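Have a look at it first, then read on.

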Amino acid sequence: AWGVCPSDFIVEFPGPKNIRKIRFLLYDQDKKRSYNYQLFIMPHGSDEWEKVSDRSKKPSQGWQEQKFNPRMISKIKVVGLKNSSNKNFHIVEIEAF
């Protein structure tokens, strides 16, 4: 998936899921670009996003992983803020465990 920065990438589960880890792959085939982003979760029964990672000031590449105590989650949101190579933010894959 891709979008012009800033972009929201949202995964909505069909029902609440017990999640303890979120991983996602930022496009890295050229090995040169880096990205800035924020990662949020929406706990089950809530309508407010909770920030679990803030990489808005620390450039990141490749696989990103965020662990936390197991929680019942309804949605995941990655806010793509910046790409060092162009105006687009690219996510290859998102996983939640």
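Tyr35 and Phe89 are both buried, where buried means under 20% relative accessible area, exposed over 50%, and partly exposed in between (1.4 Å probe, protein chains only). Phe89 goes all the way down to a relative accessible area of 0%. Phe9 is buried as well, at 11%. Together, Phe9, Tyr35 and Phe89 make up one aromatic cluster.

A quick word on ground rules. This is a predicted model, so local features need pLDDT of at least 70 and side-chain atom pairs count only at pLDDT 80 or more, while totals for chains, interfaces and linings use all residues. Residues are numbered from 1 along each chain as its sequence is written, and side-chain values use heavy atoms, with hydrogens and water left out.

**The aromatic pairs**

Searching the whole structure turns up three aromatic pairs. Rings of Phe, Tyr and Trp (its six-membered ring) pair if their centres lie within 6.5 Å; planes under 30 degrees apart count as stacked, over 60 as edge-to-face and the rest as tilted. Two of the pairs, including their geometry, are in the table.

| Pair | Centre distance | Plane angle | Type |
|---|---|---|---|
| Phe9 and Phe89 | 5.8 Å | 40° | tilted |
| Tyr35 and Phe89 | 5.0 Å | 70° | edge-to-face |

Phe9 belongs to strand β2 (residues 7-26) and Phe89 to strand β6 (residues 88-96), so their pair ties together parts 80 residues apart in sequence. The Tyr35 and Phe89 pair links β3 with β6, 54 residues apart. Strands here are DSSP runs (E, at least two residues; helices are H or I, at least four), numbered from the N terminus.

Rings meet charges too. The charged end of Arg23 sits over the ring of Trp63, 4.0 Å from its centre, and Lys21 lies over the face of Phe97 at 5.2 Å from the ring centre. The test is NZ of Lys or CZ of Arg within 6 Å of the ring centre and within 35 degrees of the ring normal.

**The sheet**

Six strands form an open sheet in the order β1-β6-β2-β5-β3-β4, with antiparallel pairing. Two strands count as paired if DSSP finds at least two bridges between them. At the edges stand β1 (2-4) and β4 (50-60), each with a single partner strand, so one side of each has no neighbour in the sheet.

How many bridges join β3 (residues 35-43) to β5 (residues 63-83)? Nine, with the two strands running antiparallel; Pro43 has Ile73 as its bridge partner in β5. On to β4: β3 pairs with it over six bridges, again antiparallel, and Phe40 stands opposite Lys51 there. The hairpin of β3 and β4 has six residues between the strands, among them Gly45 with a positive phi near 90°.

**What's covered**

Nine of the nine residues of β3 are buried. On one side that's Tyr35, Tyr37, Leu39, Ile41 and Pro43, and on the other Asn36, Gln38, Phe40 and Met42. Over in β4, Ser53 counts as buried at 12% relative accessibility. Leaving out residues up to four places away in sequence, Ser53 touches Tyr37, Gln38, Leu39 and Gln66, with contact meaning heavy atoms within 4.5 Å.

The largest nonpolar core has 18 residues, and Leu39, Val78 and Phe89 have the most contacts inside it. Such a core is a set of buried Ala, Val, Leu, Ile, Met, Phe, Trp, Tyr and Cys residues joined through side-chain atoms within 4.5 Å. β2 gives the most to this core, with six residues.
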